[in-house]
Amino acid sequence: MSALLKISGLRAAYGQIEALKGVDLTVGAGEIVALIGANGAGKSTLLMTICGRPRAAAGTIVFDGRDITNLQTFAIVRFGISQAPEGRRIFPRMTVLENLQIGATTAAPERFDRDRARVFELFPILGERRHQRGGTLSGGEQQMLAIGRALMSQPRLLLLDEPSLGLAPLVAKQIFGVIRAINAEEKITVLLVEQNAHHALRMAHRAYVLQTGSIVLSGTGAELLANEEVRAAYIEGGARGAA
Amino acid sequence: MGYFLQQLVNGLTLGAIYALIAIGYTMVYGIVGMINFAHGEIFMIGAFISLIFFVVLGVLGVTWLPLALLLVLLLAMALTAVYGWAVERIAYRPLRGSFRLAPLISAIGMSIFLQNYVLLVQGAHEKTLPPMITGGFELMQSGGFMVSVSWLQLIIVGVTLLLMVVFTAVIQLTPLGRAQRATEQDMTMAALLGIDVDRTISLTFVIGAALAAVAGLMVTLQYGVIDFFIGFLAGVKAFTAAVLGGIGSLPGAVLGGLLIGLIEALWSGYCPSEYKDVAVYAVLILVLMFRPTGLLGRPEVEKV
C-alpha cells in the first residue's frame, strides 16, 4: 500500500501554545484512517495544519510524493486535499448551491453538473434545499453540506472533523454510511477525526490515538477497538454519554 | 415647485458622485471588515489623473470629445486602480491578522501620505478645467422658474446607476463575486476551498479604486475645480453615505449617496447652506438610532 499522505515530526503552535509536538502519521491510498483523542488533544489542529493553517513550525507533510508543508492554503486544495472542518463553517448567507459552487472553485467547470448531481444523490435533502441559505439549514443538513462542498473539489484525500458532532443518532448513521460509500465507490481516502470513537474505529481501516499533541497509539481499527486502554479512555467512558 | 425640482436634480448629481465613492468603502468593508480611510484620497487621485490626461490629450490634439472622454475614463480607471492595489499591498496586507486597529491607523497614515504626495507634486493651488460637456435640456417651466438638466448631470446619474447594477450583478452572479462573498463570510474556509483570498481582496480594492476614479472624472467635469484636499471631504461624505445605507450593502451605498446629495442640495436651497453638513449628520444619527445597521444593512442575526 502506498502512502498518500505522510506526516513526519510535525509541530504546530497557536501563539505560545504548542498544539502538536512532533506527530508522525501515514494515510495510505484508499484507506479510512481515524484519529481519536480527547478534547484539546490537537486533532483539529492536525487537520488544519495539513491545510497550512496554522503553518507547520517543524516537520514535513508529503502528499502523493510532493512536499506541501509550505504551500499556501488555497494551493493545497488544488493537489486534491479538501476538508469539512470543525464547526462545519457553512457560508451562512449563501445558498446551498452557492456553497457547492465555492467548493468547486478548483475543479474543472465541465464536471460541475455531474459532481453536484452526485452530492444530491448522496444527500437528497440538499437537493430539495438547494436555493435555501446555508444559515437556515439544520445542524445535520449543514454537516451534509460541509461534506458535499468538500467533495465538489474532487479530492483524493478528504479530511473530516467530527462529522457526527451534535447530530441525532440516525443522522450520524446516515453520514457514516456516506463516508463509507464514497471511500468504497469513489476510492476517496479519508482521514477522520471523531469523538465518537466506537463508530470511528468500527469503520476505519487504521487509527491513531492523539494525546496532548503526540501520537500515543496506533493500529487497525479492530485492534484499537479491542485495546483495554482505548476502551477505558474513549469508548466506555464516552459511550455512556453518547449512547 | 420649479426651484425645488432644480435642487432635486442638482442633489441627485452630487449624490451620484458620493454613491460611486461609497461603493468602494462598502465593498472593502464588506470583505475585510475595515474602513479604508485612504479611499477618499484615491478618489482625489482619480480626479487629478483625469485632469492631467485631459490636458495631455489636448496637447496631443485629441479634440473629438467622445474619444477624449473614453480615453480619459479608461486611463484614469486603470491608473487609479494601480494606486488602490498598491495601497492594499503596502499598507493593509502586511497587517492582516494583526489587531483590528492596526490597519485603521495604517489607513489614516496612507491617507495623509497620499494627500501630501499630491500637494507636493501638484502644488496647493486649485486646478481648473473648462467645461467640456455643455448643453442640456429644459425639463419644464414652473412658477416662473426654468428647470434645466444638463447632459452631464444625466450622464453622471446614468453611469452611477449603471455601475451599481453591473457590480451588484458581478457580486451576485460571477465566480469572482462568489469568491468575494465567501471571503467576506469566512476567510479561512474560503482558503480551505481553494480561493486565493489575497487575490480576491486585491481585486476588491482595484474595483473600488476604479469606481472612485469614475467619480473623480465626474467631479472634474461637473465642477471643474479640484485640489489636493477634495478627497478628505468627499471621503467623509461617502463614508457617511455607506453607513447611512448600511455598510456592506452595495445598493445601500448608492441609496445613502443619493440621499446625502439630496439633503445637501435641498437644505442649501432653503436654509443657510453653512449648516448643510449639520443636516446630513442629523439625518445619519436619526437613521442609526432606529436602524443601527443602516437603511439596507442586514441585521446580524444568523442561525449557525
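Colleague: What do you mean when you say that two strands "pair"?
Modeller: Helices (H or I, at least four residues) and strands (E, at least two) are DSSP runs, numbered from the N terminus. This is a predicted model, where local features need pLDDT of at least 70, side-chain atom pairs count only at pLDDT 80 or more, and totals for chains, interfaces and linings use all residues. Residues are numbered from 1 along each chain as its sequence is written, chains are lettered from A and ligands numbered from 1 in the order in which they are written, and side-chain values use heavy atoms, with hydrogens and water left out. As for pairing, two strands do it if DSSP finds between them at least two bridges.

Colleague: OK, how many bridges join strand 1 of chain A to strand 2 of chain A?
Modeller: Strand 1 covers residues 3-14 and runs antiparallel to strand 2. Among the partners, Y14(A) is bridged to I17(A) in strand 2. The count for these two strands is nine.

Colleague: In what order do the four strands of that open sheet in chain A sit?
Modeller: The four strands of this open sheet pair in antiparallel fashion. Strand 2 (17-28) and strand 5 (66-67) of chain A each pair on one side only, which puts them at the edges. Reading across, the order is 2-1-4-5.

Colleague: Is T45(A) buried or exposed?
Modeller: T45(A) lies in helix 1 (residues 43-50) of chain A. Leaving aside residues up to four places away in sequence, T45(A) touches A12(A), Y14(A), A19(A), L20(A) and P54(A), a contact being heavy atoms within 4.5 Å. For accessibility, under 20% relative accessible area is buried, over 50% is exposed, and in between is partly exposed (1.4 Å probe, protein chains only). At 9%, T45(A) counts as buried.

Colleague: Which residue does a cis peptide bond join to P54(A)?
Modeller: P54(A) is in the loop between helix 1 and strand 4 (58-63) of chain A. Omega of the cis bond is about 0°. The residue joined to P54(A) by that bond is R53(A).

Colleague: What is phi of D64(A)?
Modeller: D64(A) sits in the loop between strand 4 and strand 5 of chain A. With 37% relative accessibility, D64(A) is partly exposed. Its phi is positive although the residue is not a glycine, at near 55°.

Colleague: And what about R88(A), what is its phi?
Modeller: R88(A) belongs to the loop between strand 6 (81-84) and helix 3 (96-103) of chain A. R88(A) is buried, with 14% relative accessible area. Phi is positive here too, near 70°.

Colleague: Why is strand 9 of chain A largely enclosed, and by what?
Modeller: Five of the six residues of strand 9 (residues 206-211) are buried. Four bridges join strand 9 to strand 3 (residues 32-36), running parallel, and six join strand 9 to strand 10 (residues 214-220), running antiparallel. V209(A) has a partner in each neighbour: I36(A) and L217(A). With those five residues buried, strand 9 is largely enclosed by the rest of the structure.

Colleague: Which residue in the turn of the hairpin of strands 9 and 10 of chain A has a positive phi?
Modeller: Two residues lie between the two strands of this hairpin. One in the turn has a phi of about 35°: T212(A).

Colleague: Which helix of chain B gives the most to the lining of the largest pocket?
Modeller: A pocket is an open set of points on a 1 Å grid over the protein atoms alone, where a 1.4 Å probe fits, with protein on both sides within 12 Å along at least five of seven lines; lining residues have an atom within 4 Å of a point. The lining takes in 48 residues, with Y29(B), G30(B), I31(B), E184(B) and R298(B) nearest the centre. Elements giving two or more residues include helix 3 (65-92) and helix 8 (197-223) of chain B. The most, six residues, comes from helix 1.

Colleague: How much area is buried between chain B and chain A?
Modeller: The contact takes 21 residues from chain B and 28 from chain A. Q185(B), L192(B) and L193(B) supply 30% of what chain B buries against chain A, more than any other three residues. Buried area is the accessible area (1.4 Å probe) that two parts lose on being put together, summed over both. Carbon and sulfur atoms give 57% of the total, which is about 2300 Å².
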